[in-house]
Amino acid sequence: GVPGGPRPYLTRSGILRGMGTSGQAIVAGYTVAVAIGFFLYVRTLVPGRVMRVLGGLLLVGGVIGAFSRAPWVGAALTFVIFVMLGARPVANISKLVLLGIVALPAVLSTRAGQVIIDHLPWIGTVDDRSVDGREYLLETAIRVFWENPVFGRFDVLLH
């Protein structure tokens, strides 16, 4: 890193990552993703539409600020599951898909859209080694699981 500048683990592609008191950006992102789920559940208890919108935007900003892909996916899945469990799930999912189709070209035409594309696994150019390492980890975990599917390895502590 640059002397006096941010430490390398605080940035990704030169963009500062928020981590708050958690000490790590991914943990902060997951914490906010879980908070989004809780907020969706209790949002009707928040007085006033403006406060509900501001609270939701604050949480979305928090998960984006962590600049970690896995919490983004977790927050998106939390939202989709919440919509699927609500009233009229087919109509709401249809609206969500239509909104995504309309918004996707607009977002991708911006600088932020290009940054998002660069950080997508298997498509983007950032953190290729991280994706390769995770693929290897998954392959190894699947192999170990199938070697000992019921009780696991009895001699795991000896290795």
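Here is a short chat about a predicted model of one protein chain.

Biologist: Before we start, what should I know about the model?

Modeller: Residues count from 1 along each chain as its sequence is written, and side-chain values use heavy atoms, without hydrogens or water. The model is predicted, so to speak of local features takes pLDDT of at least 70, side-chain atom pairs count only at pLDDT 80 or more, and totals for chains, interfaces and linings use all residues.

Biologist: What pattern does the protein chain follow along the sequence?

Modeller: Helices (H or I, at least four residues) and strands (E, at least two) are DSSP runs, numbered from the N terminus. The chain has six helices and two strands. Read in order, that gives β-β-α-α-α-α-α-α.

Biologist: How much of the chain is buried?

Modeller: Buried means under 20% relative accessible area, with a 1.4 Å probe and protein chains only. Out of 159 residues, the buried share is 20%.

Biologist: How do H1 and H2 run relative to each other, roughly parallel or roughly antiparallel?

Modeller: The axes of H1 (residues 25-42) and H2 (residues 49-65) come within 8 Å and cross at roughly 155°. Angles over 145 degrees count as roughly antiparallel. So H1 and H2 are roughly antiparallel.

Biologist: Which residues of H2 does H1 meet?

Modeller: Contact means heavy atoms within 4.5 Å. From H1, Gly29, Val32, Ala33, Ala35, Ile36 and Phe39 take part. Their partners in H2 are Arg52, Gly55, Gly56, Leu59, Val60, Gly62 and Val63.

Note on methods:
Buried < 20%, exposed > 50% of the residue type's maximum accessible area, 1.4 Å probe, protein only. Axes fitted to C-alpha atoms, helices over the stretch in contact; angles between N-to-C directions. Parallel < 35°, antiparallel > 145°, perpendicular 65-115°, else oblique.
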